[in-house]
Amino acid sequence: ASGGATLSGEAAFKLYDTYGFPLDIINDVAGKRGIRVDEAAYTVCMNEQKARAKKAWKGSGETDPAVLFLELLESGLKSRFVGYDDLVAHSRVVALISSEGQAVERLIEGQSGYAVFGTTPFYGESGGQTGDIGQVETLTGLTAVTATIKAGADLTAHHVSVTKGEMLLDQEAELRVDEAQRLATARNHTCTHLLHAALKKVLGGHVNQAGSLVTPQRLRFDFTHMSALTDEESRRIEDEVNTAILAALPVSRETMSQDAARKRGATALFGEKYGDEVRVIEVPGVSMELCGGTHLSSTGQAGSF
């Protein structure tokens, strides 16, 4: 309206901070109108907010992961996730944080906190899927992993509670994911994809995912539609999902470029941020989606829906 060709960094940051618009979407919308976004000023605003959050948090007793792991992220610390293929891994303890948010050298029996490992088989909560639980064993003790958090794109943090002995910084550890919990979560995640496809088939192609929750106990799926489901529609949707389960179809996983995935027709969520390389989960003839979560090897493992 003002005839300007640049959207200020302050305005872009307000769109993100107040209204939830990611920078990539702001760039896309602005670019189509010939408007440039001042990304340098946007970054300054973002850093200022992080500094304010960090200052407000220190000494407050809060353990907001976004602030708690800020220093680790800024230091460039990374952890390698191997949990798609392995549920057990050996790695070094590269960071320990107390429940008060302080970097520490050890956690002793009865204490809780956060641990970061160079390599981990534990899936960090993201994309609607809850994180893994399990156990870590070291020469000096046993520690329960009660939750796993994806603190950054390449950083997984484990909420831990020492049940025996102690856990020390820089020592070697054996990490074991709770296999039963992982499989139960995978059942619900694969069924989420089958449900999405069934909703589109029964209600129409306009249906889109608008959020989800995947836990070992259940799934919740939010979707766009103009009315509540009728009993008949619910029955048809259940039948579609169970037909796919009874067919015991293979569930394939493949990593490829975003462009290659879209050309193959993979479904992506609007507003979701994907890297250059994406993971495509496909149930042949039923579903193909971009997804970083954990899944079954065959739809038949789901049992019933």
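**Val-162**

I looked up Val-162 and found that it counts as buried at 2% relative accessibility, where buried means under 20% relative accessible area, exposed over 50% and partly exposed in between, with a 1.4 Å probe and protein chains only. The model is a predicted one, in which local features need pLDDT of at least 70 and side-chain atom pairs count only at pLDDT 80 or more, while totals for chains, interfaces and linings use all residues. I note also that residues are numbered from 1 along each chain as its sequence is written, and that side-chain values use heavy atoms, with hydrogens and water left out.

Val-162 is found in strand β10, residues 155–168; helices (H or I, at least four residues) and strands (E, at least two) are DSSP runs, numbered from the N terminus. Which residues does Val-162 contact, leaving aside its neighbours within four places in sequence? I listed Leu-107, Ile-108, Glu-109, Gly-110, Gln-111, Leu-142 and Thr-143, taking contact to mean heavy atoms within 4.5 Å. Leu-107 is 55 residues from Val-162 in sequence, and their C-alpha atoms are 6.9 Å apart in space.

**Arg-220**

I then turned to Arg-220, which has its place in strand β13, residues 219–223, and counts as partly exposed at 34% relative accessibility. Leaving aside neighbours within four places in sequence, Arg-220 is in contact with Gly-211, Ser-212 and Leu-213. From Arg-220 to Thr-192 I read 8.1 Å, C-alpha to C-alpha, for a sequence separation of 28 residues.

**Helices α6 and α7**

Two packed helices are described by the angle between their axes and the distance between the axes. For α6 (residues 179–203) and α7 (residues 231–246) I noted an angle of about 130° and axes 9 Å apart; axes are lines fitted to C-alpha atoms, for helices over the stretch in contact, and angles run from 0 to 180 degrees between N-to-C directions. That makes α6 oblique to α7, since angles under 35 degrees count as roughly parallel, over 145 as roughly antiparallel, 65 to 115 as roughly perpendicular and the rest as oblique.

Among the residues that make the contact are Cys-191, Leu-194 and Leu-195 of α6, and Glu-233, Arg-236 and Ile-237 of α7. By class I counted eleven nonpolar, no polar and four charged residues in this contact, where Ala, Val, Leu, Ile, Met, Phe, Trp, Tyr, Cys and Pro count as nonpolar, Asp, Glu, Lys and Arg as charged, and the others, Gly among them, as polar.

**Cysteines**

How many disulfides are there? The count comes to zero, a disulfide being a pair of cysteine sulfur atoms within 2.5 Å. The sulfur of Cys-191 is 13 Å from the closest cysteine sulfur, in Cys-291, which is too far for a bond. Cys-191 is buried at a relative accessible area of 4%, and Cys-291 is buried at 12%.

Asp-170 lies in the loop between β10 and β11 and is partly exposed at 48% relative accessibility, while Ala-248 is in the loop between α7 and β14 and is partly exposed at 45%.

**Whole chain**

Last, I noted that the protein chain has eight helices and 16 strands, and that 40% of its 305 residues count as buried.
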